[in-house]
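Please open the structure in your viewer and keep the selection tool at hand.

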Amino acid sequence: MAERDRRTVRDLRRGNRARVLQRLYFDGPLSRQELGPATGLSSGSISNVVTELAAERLLEEAGVVDSDGGRPRTLLRVAPGGALLIGIDIGETRVRVELFDLSLTELARTERLLAQHGHDVERIVAHVRTGVAHVLRDAGADPRELLGIGIGVPGIIERDGPEGAVVHGQTMGWAAVPFEKLLRAAVDVPAEVPLFIDNGAKTLGQAEMWFGGGRGTGTAAIALIGSGVGASVIHGGEGGTLDENQRSSALEWGHTTVQLRGRRCRCGSIGCLEAYAGAEAMRERWQEAGGPLPADTDDETALAALLTAAFPPPGGPAPDPVAVSLLDETAECLGAAVADLINLFLPERVLLGGWAGLQIGPHLLPDIRRYARDYALRHTGARATVELGRLGPDAVTVGAATLPLTDFLARGGTRPLPPPPDNAPPPRWAPAPT
């Protein structure tokens with residue numbers, strides 16, 4: 001009975017810390033007086049939690065505000081320097097590694113370019129290992145201050161087995177790759193630093209919901225358009241909060257059919273969206289139509305050339321009719337696939353992101369919206385907006401960093417850490433004393 005009581009007190013304490021941290025993270029700075037109604041906690045509980053978190057250097061003062069006839073009130077915020085996070089994007093063209101503070105301000109970054117569609121597992125694991133070491137060294141950071149490492153990858157993630165997260169990435173040639181086990185053996189960080197692996201489109205969606213175009217929506221569909229195509233749908237809560245009822249799922253949207261008896265997709269099927277709207281497919285289609293591209297042109301260079309041919313600068317040559325027609329077909333395929341997202345999931349907002357999505361968006365977004373309205377049911381189409389993502393090409397890494405951040409906030413800023421060696425100074429961040 002005593003053990004059950006102790007467990008209840010510990011859980012209550014952690015829950016109170018989580019409420020305060022989450023409100024300050026998403027809505028701060030706030031005063032102690034504002035934290036009461038925002039969290040539903042008593043003034044005594046607020047005082048105890050704030051004292052604990054401040055002693056752990058997770059909270060700091062952020063100025064004062066005048067009160068009506070009383071003493072000025074001190075504002076509090078989550079201390080950006082209280083801990084560190086790493087976000088990693090395993091993309092189609094590069095591996096991007098970024099180190100963030102708690103405010104998700106970038107402290108260091110590095111990129112490792114991949115050979116055109118080269119996704120050798122051992123090479124990517126090596127890129128992650130050297131990338132993590134690079135950003136920690138570049139920022140002069142203590143690895144013991146890491147809350148965790150979040151990684152966004154293409155493909156389907158399974159977590160039920162004894163080896164941790166396993167990745168099925170058919171278009172990359174990954175079949176049941178024990179990615180978490182491989183990374184844990186390779187990356188030089190303390191064993192207590194957790195790894196969080198999820199689908200890249202899902203991490204993109206999480207970033208847009210917290211900080212970008214998804215804020216304020218209850219349900220959003222977020223597309224990641226790069227060399228390939230993916231999407232995620234996030235239901236529940238409002239963007240920019242942690243909600244226990246929130247549900248998110250990654251979708252193999254790129255492998256939904258947009259053309260019967262259509263082009264062969266790299267997944268092996270025919271008529272997939274990715275076979276028309278992915279940057280790799282757009283490059284191949286333009287080359288097949290006689291576009292002036294060398295055979296070894298990479299996807300990013302080819303897409304930029306295709307857009308320039310279809311939308312030349314003022315005073316330049318006339319638009320290339322083949323490029324214009326190809327991009328119109330791309331817009332129609334995307335619009336029809338967006339209509340499917342709208343009809344199936346009833347989102348309030350659809351966001352187009354990914355490096356290729358952000359490149360084509362300024363030119364094709366009006367047509368994509370028009371085709372989406374044509375293909376969607378009138379009621380569902382009228383209530384959904386189609387927009388570009390707002391976080392730029394780094395959104396997957398930011399979203400990946402939210403994976404350990406979400407865990408940190410949900411745990412009330414606590415985690416187990418081993419004692420440091422006798423000859424090492426303690427980290428600036430440490431768990432609450434017990």
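Two residues are said to be in contact when heavy atoms of theirs lie within 4.5 Å. This tour concerns a predicted model.

**The whole chain.** Begin by displaying the entire protein as a cartoon. Its secondary structure consists of 13 helices and 16 strands. The protein has 434 residues, and 51% of them count as buried. Next, consider the contacts between residues at least 6 apart in sequence: 61% of these join residues at least 24 apart. If you switch to a surface display, the accessible surface amounts to about 19,700 Å², with 52% belonging to carbon and sulfur atoms.

**Confidence.** Now colour the model by pLDDT. The mean for the protein is 89, and 90% of the residues reach 70 or more. Then select residues 429–434, where pLDDT stays under 50. For this segment the model has 19 contacts beyond four places in sequence.

**The largest pocket.** Which residues lie nearest the centre of the largest pocket? Select Ile90, Glu92, Pro154, Leu224 and Gly228 to see them. The lining comprises 40 residues, and the volume of the pocket is about 660 Å³. To see which elements contribute, highlight strand 4 (84–90), strand 5 (94–101), strand 9 (166–169), helix 6 (200–211), strand 13 (229–235) and helix 13 (395–410); each supplies at least two residues of the lining. Colouring the lining by class shows 16 nonpolar, 16 polar and eight charged residues.

**Aspartate 89.** Select aspartate 89, which is found in strand 4. Is this aspartate 89 buried or exposed? Aspartate 89 counts as buried because its relative accessibility is 12%, and the cut-off for buried is under 20%. Show its surroundings next: leaving out residues up to four places away in sequence, aspartate 89 touches Arg94, Val95, Arg96, Gly152, Val396 and Thr397.

**Glycine 91.** Move on to glycine 91, in the loop between strand 4 and strand 5. Glycine 91 has a relative accessible area of 13% and is therefore buried. Apart from neighbours within four places in sequence, which residues are in contact with glycine 91? They are Leu114 and His119.

**A final distance.** Lastly, select glycine 91 together with glycine 200 and display the C-alpha to C-alpha distance. The two residues are 109 residues apart in sequence, and their C-alpha atoms are 8.0 Å apart in space.

How values were computed
Residues numbered from 1 in each chain as written. Predicted model: local features only at pLDDT ≥ 70, side-chain atom pairs only at ≥ 80, totals over all residues. Heavy atoms only, no water. Helix = DSSP H or I, 4+ residues; strand = E, 2+ residues; numbered from the N terminus. Buried < 20%, exposed > 50% of the residue type's maximum accessible area, 1.4 Å probe, protein only. Areas by Shrake-Rupley, 256 points an atom, 1.4 Å probe, with all protein chains shown as cover. 1 Å grid on protein atoms, 1.4 Å probe; cavity = no way out; pocket = protein on both sides within 12 Å on 5 of 7 lines; lining within 4 Å. Points joined across faces, edges and corners; volume = space filled by probe spheres on them. Nonpolar A, V, L, I, M, F, W, Y, C, P; charged D, E, K, R; others polar. pLDDT = per-residue confidence, 0-100.
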